[in-house]
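This report goes through a few local features of one protein chain. The sequence and structure come next, and the comments follow.

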Amino acid sequence: MSALSHTFHLSSPAETAALALRLAPHLQRGDTLLLKGPIGTGKTFFARSLIQHLLNTSEDVPSPTYTIVQTYPAHRFDIWHCDLYRLTAADEIAELGLEDAFETALCLIEWPEILGKTTPRNALRLSFEMAGSSGQRRLVISGDAVRWGDAVEAMRERS
């Protein structure tokens, strides 16, 4: 498996949303995005922008912080948006039905560290961090070059 990695510098929420929109056409059933980073770095905003685009709606998409999982029936596949922050052990993953969703849905996983051995092998990793005092963010995207190379290249071409 050959790896790829690319860093994006995002100076506004609009740039974050635009990046999510450029990724959307490349997503399919069985894909998993692992959204990692401290609180307030843009994980949920990115996921919300992506979900709204895939659902073709501007309706509110709530954070799954308290529900742990929010599901959405999209045109091509279901979307599972998960926030694992409140889970305490990897065995709780099975109770959510997440392992089945990894095969049948698009899964957006915030706080993916809890997944442990259940982390999908071909997941796309998105690591968010603050990059300055003016609200800028740095997003490092990494994953398998064969599966994700075209998607990351399309994201780079327009940034």
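Glu110 is buried but forms no salt bridge. The nearest side chain of opposite charge belongs to Lys43 and lies 4.8 Å away, whereas a salt bridge requires a side-chain nitrogen of Lys or Arg within 4 Å of a carboxyl oxygen. The model is predicted, and these values are computed from it.

Glu110 is located in strand 5, which covers residues 105–110. Its side chain does have a polar contact, at 2.7 Å, with the side chain of His81. With neighbours within four places in sequence set aside, the residues in contact with Glu110 are Leu35, Lys43, Thr44, Ala47, His81, Cys82, Asp83 and Leu84. Lys43, the nearest opposite charge, is thus on the contact list, as is His81, the polar partner.

## Cysteines

How many disulfides does a search of the whole structure find? The search returns 0. Cys82 and Cys107 show the reason: the sulfur of Cys82 has its closest cysteine sulfur in Cys107, at 5.9 Å, which is too far for a bond. A disulfide needs the two sulfur atoms within 2.5 Å. Seen from Cys107, the closest cysteine sulfur is that of Cys82, at 5.9 Å.

Cys82 is buried, with 0% relative accessibility. Cys107 is likewise buried, at 0%.

Strand 1 runs antiparallel to strand 7 (residues 137–144), and 8 bridges join the two.

Helix 5 consists of residues 145–157, and its buried residues are Trp148, Ala151, Val152, Ala154 and Met155. They pack against strand 1 and strand 7, and also against helix 1 (13–23), strand 2 (32–36) and strand 6 (124–130).

## An exposed loop residue

Is Ser133 buried or exposed? Ser133 is exposed, because its relative accessible area is 82% and the threshold for exposed is over 50%. Ser133 sits in the loop between strand 6 and strand 7. The C-alpha atom of Ser133 is 27 Å from that of Glu113, and the two residues are 20 apart along the chain.

Note on methods: Residues numbered from 1 in each chain as written. Predicted model: local features only at pLDDT ≥ 70, side-chain atom pairs only at ≥ 80, totals over all residues. Heavy atoms only, no water. Buried < 20%, exposed > 50% of the residue type's maximum accessible area, 1.4 Å probe, protein only. Pairing = 2+ DSSP bridges. Helix = DSSP H or I, 4+ residues; strand = E, 2+ residues; numbered from the N terminus. Lys, Arg positive; Asp, Glu negative; His and termini not counted. Polar contact = N/O pair within 3.5 Å; in protein donor to acceptor, adjacent residues only side chain to side chain. Contact = heavy atoms within 4.5 Å.
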